[in-house]
Amino acid sequence: MKNDRIRFSRFLMFFLYLSVCCVIPDLSYAELMIDTVAGNGSGGYAGDAGRAISATLNSPKGVAVDHAGNIYIADSSNNCIRKIDKAGVMTTLVPKTSGLNNPMDVATDMNGNIYIADNSNFCIQKADAAGKLTKVMTGLNYPRSVAVDGSGNIYAADTLGNRIRKAGTDGTVTTVTTNVKNPNGVAVDGSGNIFVADTDNKRILKMNSAGTVSKTVTLNFSPTNVAVDEASENLYIADGGSHRIWKCSLKETDCVPVTIAGTGSEGYSGDGEAAAAAKLKSPRDVAVDGEGNVFIADSSNHRIRKIYDNSLKPVAPVLSLTLSPIPSSTMTQVNLSWTERHGLAVSEQMF
């Protein structure tokens, strides 16, 4: 009996040790995955009213997501704007007959309007929910990107004009900055900060609407576009030349970019797998929604790709202890069982 009590005491200490060591730690982890949400890989124009993943696009160079989760695509070589609703159905919002000429980027506002960098028409156009177009900024020199802030101010990367332009809510057009060279991208965060892909200078600039720069992210590549989340915590950069998407934290002083998608080799692969091991081909644009999902205009693959967080947050093992008498004996059997509740295993051990 004495030995039985000693064994039980030792086992109870072991049980308490497991309880402390196995339950308290945070076991969560995350992995970024990638999938295709639009385009079957063939360059063309087809698929309206059907599944977006079965539709054909032709060198899409711009992508945006509204607050309702609808995705908008600058279907550049088709000279139109496509839309994917939350059910994954593809439609054409602004048709090929609209007069768009090489639309390079799209942006959305809080009222459901779409803004288009109409590159070879040298302007920014606004499309309402029915697809009706209105020019809101003209006199540009091959603009490649457009963004809209929460107040309705419109920003354009006037690419060959080497400047960033702004159209106020009253329609007045001003120049934000000329301290850029061949800017390919512009984005705005929830606080009205402007981010510029200063392409030929290989950097991202953060500035206010007066053009005062508050942060410079130096790169070793030429960015093709840029996106920022609403909280202004993370920056996403499209690197068409190296076939990658980069991310850096704006909360860090240096904001060092890391690859989140693409291997550096052009191609198409990786759906359903880790985004960093996937292949892209000349990604021209990047967008981020309110849930942190990242959308890529994988231009030369004629597809829209999506990076998402496939977090697996395992729950710590649940431990239980039971005692039961052994028949025809004065000894007691001690049973320890634990269940791994993250879907990996269920185990039981008896002592």
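The following questions and answers concern a predicted model of a protein chain. Residues are numbered from 1 along each chain as its sequence is written. In this predicted model, local features need pLDDT of at least 70, side-chain atom pairs count only at pLDDT 80 or more, totals for chains, interfaces and linings use all residues, and side-chain values use heavy atoms, with hydrogens and water left out.

Me: How many helices and strands does the protein chain have?
Reply: Helices (H or I, at least four residues) and strands (E, at least two) are DSSP runs, numbered from the N terminus. By this count, the secondary structure comes to one helix and 28 strands.

Me: What share of the residues in the protein chain is buried?
Reply: A residue is buried under 20% relative accessible area, exposed over 50%, and partly exposed in between (1.4 Å probe, protein chains only). The protein chain has 351 residues, and the buried share is 46%.

Me: Is Tyr142 buried or partly exposed?
Reply: Tyr142 lies in the loop between strand 9 (133-137) and strand 10 (145-148). Its relative accessible area is 32%, so Tyr142 is partly exposed.

Me: Which residue in strand 22 stands opposite Met33?
Reply: Strand 1 (residues 32-38) pairs with strand 22 in the antiparallel sense over two bridges. Opposite Met33 stands Ala274.

Note on methods. Two strands pair if DSSP finds at least two bridges between them.
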